[in-house]
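Hi everyone, thanks for making time for this.

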Amino acid sequence: MRFKRFLSVFLILSFLLMFFPAFSDKITASASVDDSLLVEYLFNQSSGTSVTDSSGNGYTGTLSSGASWSTDGKLGSCVSLNGSSGYVTIPNGVMNGVHNVTIMVDVYITSAATNTWVFGLGPDSGTYIFVNSKNSSGYPYGAITTNGTVGYGYQSEEGVTNLTALPVGAWTSIALVISQDTHSERFYINGSLTQSNNDITEDPADMYDAAKSFSGYIGKSLYSTDGYLNAKIDNFRIYSDALTPSEIAEESLLVQYDFSETSGSSVADSSGNGFTGTLSGGAAFSSGTLSLNGSNGYVTIPNGVMKGVHNVTILADIYLTSSSTNAWVYGLGPNSGTYIFLNSKNGAGKTYGAITTYGTSGSGYLGEQGVRDSTYLPTGSWVNVALVISGDDGTEQLYIDGELISTMSGITSDPSSMYSSSASFSGYIGKSLYSADPYLAGQIDNFRIYGAALNSYDIQNLADVSLNTLQNGELWLDTEGEPIDAAGGCIVKVGSTYYWYGNSGVYVNCYSSTDLVHWTFQNAILGPGSLDADGNAAADLTTNCVVERPKVIYNSTTGKYVLWFHYDSTSYTLGKVGIAYCNTPAGDYTYYQSINPGGLDSRDMTLYQDTDGTAYLISATVTNGRLSLFQLSSDYLSCTHLYNIYGGETVGGTYAGREAPAIVKDNGTYYLITSGCAGWYPNQAKYSTCTTTLSSSDADSWTEMQPIGNTSAFYSQSTWLMTLSGTSGTSYMLMSDRNRIPGTGDQNFYFVWFPLTITSGVPSFDYASIVDLNASAGTITNVYSGSNISEDKTASASSYASSYPASLANDGDYITKWVASAVTYPSTWTVDLGASYRINEIQLSWYLCNGSEALEYYTIYTSNDGSTFTARRINSDNTTYGFNVDFLGGISARYVRIQINQSVPWNNPTNSWYTPQLYEVKVYGQ
C-alpha cells in the first residue's frame, strides 16, 4: 500500500532522470562523529598485552593474564576474557572534562553470571559509569553514580535497564549514552533505543580522578566481590559526546558501496570495515553508479557482514531499465533456503522484501516473512528503497522514497542467521540466490547495510525527502535526531511558529516547528536551577520534585507567556500547581510559586484560554474525587475556584475519578475530554459538552459524560486539544501520550495524535498508524493502510454468550462486544472477508477492568479456504493493555481468526478470570 506520494514532483523527476539517470542526487552521508572519539579498541593485535587505541589519542589499554587475543571477533579479531581473571585496563585521563559520554561495545557472552560488568569507568566502587551484563534480575543494566563512598555507589545509581537478557553465544551491540547537558541517559541494544532516563543529575566528568592510574576496566567490576566477565569483546569505543539515535545508527554502518570507481572489478567499502565487493559478468561502473546488464552482471558481497547482526537496514538507490519477474535487487544469505532479499517484482507483480530461515536450499520461499508494495518498482526513474528488519522487536518494514509502504510484525527469523562461516560470500547485488531467477537490469547506487533497525527519521534523511506524516506510537525524533521528550504537553502557535511544551522528568522542554512534523529542540525552559523573581534558584524545583502536564498560554495584557504545571513530591502528597512566566515563548522561565488552587489539592490539569481572553484551570482535585474549574486572574498568576464540573460539592458528593482533561470550543460549544483514573494504565476516554459561556456556567451546564474512542483511548491518554486553522478551514487535533506502564521495560516517550471530528455536536476520534499533518491547510488526516475490509462481514466464534454474538466485534462500534459463553481458553473469533484480500494491518480493541487490566496473549491466523489456517502472529509476550496493532505485510487471505490463548491480569497474573471477549476487530487491506 502506497500511503502517500508526491506524484507531481515524482513524475517530473522521473521524466528528467530517464535522460540523465547517472546524475541523480541520492543518499547523502551523515555528519561524522569522529571528532569526539576518545578511545577505540578494535583488538586487532595478535600478541602482547598492549591494546592499540585506534582513535589516535594514545589511551593504550592493557590485557591482564586472563585476557587473550582471538581471531573470532565480530569484524575480525577480538579479545577473549576467561571469566576468572581476564580484563582490560583503560589508562587514566579519558574522562577528564567529559560531561557527555557515549560508550559502545560488541559483546559475545560465553557464560552468563550475575554482576559481571561489561565495562566500568570511574575511580572506585563509589563513583562509576558501568554496564552490568546481568543484574540480580537477570537483565543488562547501565548506570552512573557519584555517591562517593567506596562500596556504596549502588545506593544512588541512576540507571537504565533492558528487560531482555543478553543472549549467550551470540554477538550483541551495546551503547550507553549519558548527557549532563540534557540530564538524560539512554540504553541501546543492537542499535535500537530500548530505555531512557530523563532525571540524570550526575556528571560523567566526575569519573576522572587524577590520583588514579586507570580510567576503568573492560570485563572487570569496580567491586572486588563481583565476578569477571566470561565473554569476547570487540569494537570498544568511548566518545566525548552524547551521540543521538541517528549517530548511533550511523556508527552501525557495516557496508557502503558508492560505486565511484571508474575501472577494475573491486568495489570499495567506504564504511571502513573492509567488505570489498567484486564485480562479475556484465556488471560495470558507470558515472558513479553500478550498471547491471540483466543477463549475467552482479556484485558479490564478501562473507562476514551479517555476523552477529540481529537488526538490519538495507538501503539502495535503484534505476531499472527493464522489469523482470523475480529479478532480485539484492540477496543476503548463504543459499536459497536462508536469506534476506528485495525482489523488484514478484510473481504477483509487487515489490517484495522478505526474510526466511526455512533452511532447505531451494525451498526458502516456503518460510518467507515479507512486506510488499501495491505495485512493482518503476522503470526509467530512480527510487530509494529501504528494507528494515528487527530481530529484537520482530518487525519488518519496507520504505520507498522515504515513505513507509508496508509493515509486518511477529517476524520470527533473526537476521544474524544470514551468516555462515563456511560460505564464501554474504550475498549478491543484482543476482538471486535461486539459479533459475533472472538478473537485474539497471543501475544501483549508494548501497548500504546497517547493523541497526533505522527509524523513519533516518530513512527519510538518507532518502533526502521531507514528508508531512508522523507514525503514531513510534519514537519521534527532533531535527537533531534526539528523541522528543515532551510528555503531558501542549502546543501554542506564535506567528507562524508552533511551540510544543512537555515535561521530561523534572524539566519542561520546549520544541519549535513550522509544520507540526519536524521539531527543533529550543530549551529546557524550567527545571532544577531555574530562578525565581528575586534571581535566586527556585527552592521548589529540585531533582526530587514532580513536574507534570505543563501548559502555556500568552497574556496579551502583561506580554508574558505563563506556564502552569502539576507540581508535587515524589510521593504525590503535595498536589499543587506550579506557576512560571517568561517574556518569550522559549526562554528561561521565571518561577513564581506553587499553590493549592482554591485551597484544594491539584493533580492532572490543563489550561484553557477562551475567545474573550479569560483563562481557566481545569484540574483533578480532592485526590481525584472532583474535576474542578478555576478562573485565572487577569495576570494569569493566580486563580479562583468556580465549581466542580464532575464529582459534586467539594466535600461529599460522588467520586469523579477523572483526569487528563483536554478542552476545545467549536461553534459556541465546549468539548471536554477526560480519562479515568487508572494509574499508568489506559482506559475509556469520555467527553462532556457545555453550551453556556464558561464565565457564567455551572456544574449543571455540562452534559453527562459519554464514551469516545475505544476502551483504552487506543492505548493513550489525552493531554491537549489543539485548534488548527489554515487555508482549508479549522480542524482539531487531540494530543495524547502513551504512558510509561511500570514493568514493561520500554521507558521512552511515545505520542499518539488524532483528528477530532465533530458531527452534529458529537465528537469522535479514531486511530491510524500514520497521520498526515498539513499546517498551512490546517488539517490532520488519518492515513489508513487500506480499507476496513472486515466491518459487517460474516463473523463466527467458538462460543458466545447470550446477546453478545460474534458480529458485535466487527460492527464498527467500539462499545459493543463479542463475549465467549464461558472462561474457556483458547477461544476463537473468525471473520470471513468474502473474498481474498491483501491484509496489511489488524487492530484489536480489548476489554479493560479498571484496577485489574489484563494483557491478552493471542494468535492471529489466516486462511484462504476457511479450513486450513496458518499462524501469522503469535503474541505470547504482549506488554500492551487494551489495544494491539499487528501488521501482516500484505499477505493474501480471505479469513482472519483471532485465537485468545490467555488473559493475564496485572494484579493477579495466575488467575485468568477474564471471559474471552473482543470489543472490535478492524482488518485493513486491499
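Let's begin with a charge and a ring: Lys-431 lies over the face of Tyr-428, at 4.4 Å from the ring centre. One thing to keep in mind as we go is that this is a predicted model. There is another arrangement of this kind at Tyr-87, where the charged end of Lys-220 sits over the ring, 4.4 Å from its centre.

Now to rings that pair with rings. With centres within 6.5 Å as the rule, the count comes to 53 aromatic pairs. Take Trp-500 and Tyr-511: their ring centres are 6.4 Å apart and their planes meet at 50°, so this pair is tilted. Trp-500 belongs to strand β35, residues 497-504, and Tyr-511 to strand β36, residues 507-513, so to speak a link between distant parts of the chain, 11 residues apart. Are these two buried or exposed? Both Trp-500 and Tyr-511 are buried.

A second tilted pair is Tyr-554 with Tyr-561, at 4.6 Å centre to centre and 40° between the planes. Here Tyr-554 counts as partly exposed, because its relative accessibility is 34%, while Tyr-561 counts as buried at 8%.

Next, a sheet. Three strands make up an open, antiparallel sheet in the order β33-β54-β55. Which strands stand at the edges? They are β33 (469-471) and β55 (779-783); each has a single partner strand, so one side of each is left without a neighbour in the sheet. From one strand to the next, the twist averages 25°. Strand β54, residues 770-774, is joined to β55 by five bridges, and Ile-770 stands opposite Val-783 in β55.

Finally, some backbone details. Tyr-825 and Pro-826 are joined by a cis peptide bond, with omega about -5°. Pro-826 is placed in the loop between β58 (818-819) and β59 (827-845).

Tyr-636 has phi near 65° and lies in the loop between β44 (626-632) and β45 (639-646); at 5% relative accessibility, Tyr-636 counts as buried. Ala-660 has phi near 55°, and its place is in strand β46, residues 658-666. Ala-660 is buried too, with a relative accessible area of 0%.

Terms used: Residues are numbered from 1 along each chain as its sequence is written. This is a predicted model: local features need pLDDT of at least 70, side-chain atom pairs count only at pLDDT 80 or more; totals for chains, interfaces and linings use all residues. Side-chain values use heavy atoms; hydrogens and water are left out. Rings of Phe, Tyr and Trp (its six-membered ring) pair if their centres lie within 6.5 Å; planes under 30 degrees apart count as stacked, over 60 as edge-to-face and the rest as tilted. Helices (H or I, at least four residues) and strands (E, at least two) are DSSP runs, numbered from the N terminus. Buried means under 20% relative accessible area, exposed over 50%, partly exposed in between (1.4 Å probe, protein chains only). A charge sits over a ring if NZ of Lys or CZ of Arg is within 6 Å of the ring centre and within 35 degrees of the ring normal. Two strands pair if DSSP finds at least two bridges between them. Axes are lines fitted to C-alpha atoms, for helices over the stretch in contact, and angles run from 0 to 180 degrees between N-to-C directions.
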